[in-house]
Amino acid sequence: MSVTRRRIHLRNFVIPVRVGLYEAERRGPQPTRFDLEVEVVADRTPADNVHTVLDYDRLREDVTAAAGAQRYGLLETLCEAIIARLADRPMVVAATIAATKTTLYDDGSTATIEIDWRRDA
């Protein structure tokens, strides 16, 4: 059996984030949902050990660290900061990050930004 791709999904990770350009958004942190799909190198079978794979907790830490590093005007800028952290991990070859402002509108609608990244060959 030959594995050609490994993808890790982190879904519905919601944390308070200081993000937004408008006065109402700048009053305090907004609940923001993150959905990540991260592709990692599949050149070997990992040992049955968390140290041989990209751990879900590391993904959560990357998102939380980037989100807490500063106030962001745009979700796009925040997603780029998360991608920069993922790019520092050699086993990561691609990622899709979606960030959603969950309480932006009174009618319950949301706004989502999705960014794709792939390591240059």
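Is Gln 30 buried or exposed? Select Gln 30 and have a look: this is a predicted model, and here Gln 30 has a relative accessibility of 8%, so it counts as buried, the cut-off being under 20%. You'll find Gln 30 in strand E2, which covers residues 30-40. Now show what surrounds Gln 30: beyond its neighbours within four places in sequence, it is in contact with Ile 15, Pro 16, Val 17, Val 19, Gly 20, Glu 25, Lys 101 and Leu 104.

Next, bring up the whole sheet. It is an open one of four strands, in the order E1-E2-E3-E4, with antiparallel pairing. Colour E1 and strand E4 (111-118) to pick out the edges, as each of these pairs on one side only. From one strand to the next, the twist averages 15 degrees.

Zoom in on E1 and E2, which pair in the antiparallel sense over ten bridges. Pick Arg 6 and you'll see Val 40 of E2 standing opposite.

Time for the helices. Select residues 56-68: this is helix H2, which packs on the sheet and touches E1 and E2. The direction of H2 makes about 40 degrees with that of E1. Then go to helix H3, residues 75-87, which lies across E1, E2, strand E3 (92-101) and E4. H3 runs at about 30 degrees to E4.

Last stop: the surface. Select Leu 21, Tyr 22 and Leu 74, a nonpolar patch with about 340 Å² of accessible area together. Leu 21 sits in the loop between strand E1 (6-17) and helix H1 (23-26). With a relative accessible area of 53%, Leu 21 is exposed.

Conventions:
Residues are numbered from 1 along each chain as its sequence is written. This is a predicted model: local features need pLDDT of at least 70, side-chain atom pairs count only at pLDDT 80 or more; totals for chains, interfaces and linings use all residues. Side-chain values use heavy atoms; hydrogens and water are left out. Helices (H or I, at least four residues) and strands (E, at least two) are DSSP runs, numbered from the N terminus. Buried means under 20% relative accessible area, exposed over 50%, partly exposed in between (1.4 Å probe, protein chains only). Contact means heavy atoms within 4.5 Å. Patches are made of residues with over 30% relative accessible area and no salt bridge: like charges are joined within 9 Å, nonpolar side chains (Val, Leu, Ile, Met, Phe, Trp, Tyr) within 5 Å. Accessible areas come from the Shrake-Rupley method with a 1.4 Å probe; for residues, only the protein chains shown count as cover. A salt bridge is a side-chain nitrogen of Lys or Arg within 4 Å of a carboxyl oxygen of Asp or Glu. Two strands pair if DSSP finds at least two bridges between them. Axes are lines fitted to C-alpha atoms, for helices over the stretch in contact, and angles run from 0 to 180 degrees between N-to-C directions.
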